[in-house]
Amino acid sequence: MKQTPVHDSYNPDLLSLIPLKTSALIDVGCGGGGLVREFKKLNPSAHCVGVDIDPKYVELAERYCDRCMTLDIDNAAESFWQSVGDRDCWIFGDALEHFKDPWAVLRKVRSILPEHGCVVACLPNAQHWSLQAKLNVGEFRYQDSGLLDRTHLRWFTRKTMIELFQQTGFVVKTGKPRIFNEPNREQVLPYIQALAKALGANAEEVVRDSIALQYVVRAIPNRSPVG
């Protein structure tokens, strides 16, 4: 399957959650390396590894990363995990939703992550008002990019993405919704609110969770055992 089109831009909200003291960063799904490029401007001494499944993207990312590798992390060998045990910040910028088993990947990261380390991620919001509207009229069609990117394998809402980290040994410490100006949103939200009320849900919360296009989060290791 063709991958999401590569670009040289970066997510400033994701960048803002990377601790400046990070010394060993790994960007999984690095694309063209734009995020590493910008982080290097803030912390030139950080050693940055880029990982992507597409060798063409990796070739572009080599401009900015200290080391790059082409890898399907769902099927990564034990030798890969041993080689990145020193990373103190793992970046998953619009990547976790592309994995066959993001739970297994995050559990593996948790098993090797230093206790002072963190995971910084951006995930699309499956509860977004536009997806609810498309489902309502049966227009759920995959696209080359965006919320309906045809390479998305997993779907998360605000609640379930928090659960994703909780179930894999992490605690979400901070984060924010990414909200943009979008046409037709205000016409749709009253109907989402009405449906939430009919279902006995917290209507204000449901509407709020329908506005974010994506969420960016920073998670740290949970020192309690994972069930």
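Does tryptophan 103 count as buried, partly exposed or exposed, and at what relative accessibility? I looked it up: tryptophan 103 counts as partly exposed, because its relative accessibility is 22%. The scale I used calls a residue buried under 20% relative accessible area, exposed over 50%, and partly exposed in between (1.4 Å probe, protein chains only).

**Ground rules.** I am reading a predicted model, where local features need pLDDT of at least 70, side-chain atom pairs count only at pLDDT 80 or more, and totals for chains, interfaces and linings use all residues. Residues are numbered from 1 along each chain as its sequence is written, and side-chain values use heavy atoms, with hydrogens and water left out.

**Aromatic pairs.** I paired rings of Phe, Tyr and Trp (its six-membered ring) with centres within 6.5 Å; planes under 30 degrees apart are stacked, over 60 edge-to-face, the rest tilted. I got nine aromatic pairs by this rule. Phenylalanine 80 and tryptophan 90 make an edge-to-face pair, 6.4 Å centre to centre with 90° between the planes. Phenylalanine 80 is in helix H4 (residues 78-83) and tryptophan 90 in strand E4 (residues 89-93), 10 residues apart. Helices (H or I, at least four residues) and strands (E, at least two) are DSSP runs, numbered from the N terminus. Both phenylalanine 80 and tryptophan 90 are buried.

I then went back to tryptophan 103. Its pair with phenylalanine 156 is tilted: 5.8 Å centre to centre, 55° between the planes. Tryptophan 103 lies in helix H5 (residues 102-112) and phenylalanine 156 in the loop between H6 and H7, so the pair ties together parts 53 residues apart in sequence. Phenylalanine 156 counts as buried, because its relative accessibility is 4%.

I also noted one aromatic cluster, formed by Phe80, Trp81, Trp90, Phe92 and Phe99.

**A charge and a ring.** The charged end of arginine 37 sits over the ring of tyrosine 64, 5.5 Å from its centre. The rule wants NZ of Lys or CZ of Arg within 6 Å of the ring centre and within 35 degrees of the ring normal.

**Strand E7.** How many of the eight residues of strand E7 (residues 214-221) are buried? I found six, so I noted the strand as mostly covered. Strands pair if DSSP finds at least two bridges between them. Six bridges join strand E5 (residues 118-124) to E7, and the two run antiparallel. Here proline 124 has glutamine 214 as its bridge partner in E7. Eight bridges join strand E6 (residues 170-178) to E7, also antiparallel. Threonine 174 stands opposite arginine 218 in E7.
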